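The following note sets out numbered remarks on the model shown below. Please read each point alongside the coordinates.

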Amino acid sequence: MEAVSRPAGTRRRGAALEEVILEAAWAELTEVGFDQMTITGVAARAQTGKQVLYRRWPNRAHLAVAAVNHHAGAPLTAPPDTGSLRGDMLALLDAAVRRMSSVDPALIRSILAALLAEDGTFTGTMRSQVAVLLERAVARGELAHARVPDRVLSVPAVLARHEFTLLAGSESELEALHEPLVEIVDQVFLPLVSAYSQKPPP
């Protein structure tokens, strides 16, 4: 393990300190894997104290999620608007899996296994964006107003995540994901949404 070097006497705070910690956590993940990653190891690599990490993340799983997100880049700040619910959903899922293409699926599986009891850690952002897509579909007249349960809103992300972790994340395999994503939208999501609407989606 190699610590992140810094000039003597410097003190890092705020975003600068957090970036150093996330880079250290990502380095730890890629070198030893999630199962062997420890808060102590990340703190030593970042040359800071464990309590500094615990003030920001409750455990190593949440730190690992933050490190993965830091490495993969920020998710979409607003969901796509293609003019149809089906197109929007496909574009949202495609953007999500492409964003994670640089992350080893085995690493994602390990982190997810530690988060099974913490619903929403990986799907919360996607769920809120799917809700926006449904609001747009109602405004366009594709759907009648309907209250769709949170679990239904989470279904596309959960199924897409499963398909992604079965593959290795190369460009060729990302292309192979297109058909499963279409099936998730056409065979699962849209029928579920239509069950909560007075009028089926196109």
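1. R60 lies over the face of F34, 4.1 Å from the ring centre. A charge is taken to sit over a ring if NZ of Lys or CZ of Arg is within 6 Å of the ring centre and within 35 degrees of the ring normal. The count of aromatic pairs comes to zero, where rings of Phe, Tyr and Trp (its six-membered ring) pair if their centres lie within 6.5 Å.

2. On provenance, this is a predicted model, in which local features need pLDDT of at least 70 and side-chain atom pairs count only at pLDDT 80 or more, while totals for chains, interfaces and linings use all residues. Residues are numbered from 1 along each chain as its sequence is written, and side-chain values use heavy atoms, with hydrogens and water left out.

3. The chain has 10 helices and zero strands, assigned as DSSP runs (H or I, at least four residues, for helices; E, at least two, for strands) and numbered from the N terminus. Of its 202 residues, 41% are buried, that is, under 20% relative accessible area with a 1.4 Å probe, protein chains only. Among contacts (heavy atoms within 4.5 Å) with a separation of 6 or more, 74% join residues 24 or more positions apart.

4. The largest nonpolar core has 58 residues, and I21, L29, L53 and L63 have the most contacts inside it. Such a core is a set of buried Ala, Val, Leu, Ile, Met, Phe, Trp, Tyr and Cys residues joined through side-chain atoms within 4.5 Å. Residues up to four places away in sequence aside, L53 touches I21, I39, V42, A43, T48 and L63.

5. Helix α2 (residues 39-46) is mostly covered, with six of its eight residues buried: I39, G41, V42, A43, R45 and A46. The cover over these buried residues includes α1 (14-32), α3 (50-54) and α4 (60-72). Just after α2, Q47 adopts a positive phi of about 55°.

6. Which residues does S197 contact, leaving aside its neighbours within four places in sequence? They are L143, A144 and A146. S197 lies in the segment after α10 (178-195), and S197 counts as buried because its relative accessibility is 12%. The side chain of S197 reaches the backbone nitrogen of A144 at 3.0 Å.

Notes: Phe/Tyr/Trp six-rings, centres within 6.5 Å; stacked < 30°, edge-to-face > 60°. Buried < 20%, exposed > 50% of the residue type's maximum accessible area, 1.4 Å probe, protein only. Polar contact = N/O pair within 3.5 Å; in protein donor to acceptor, adjacent residues only side chain to side chain.
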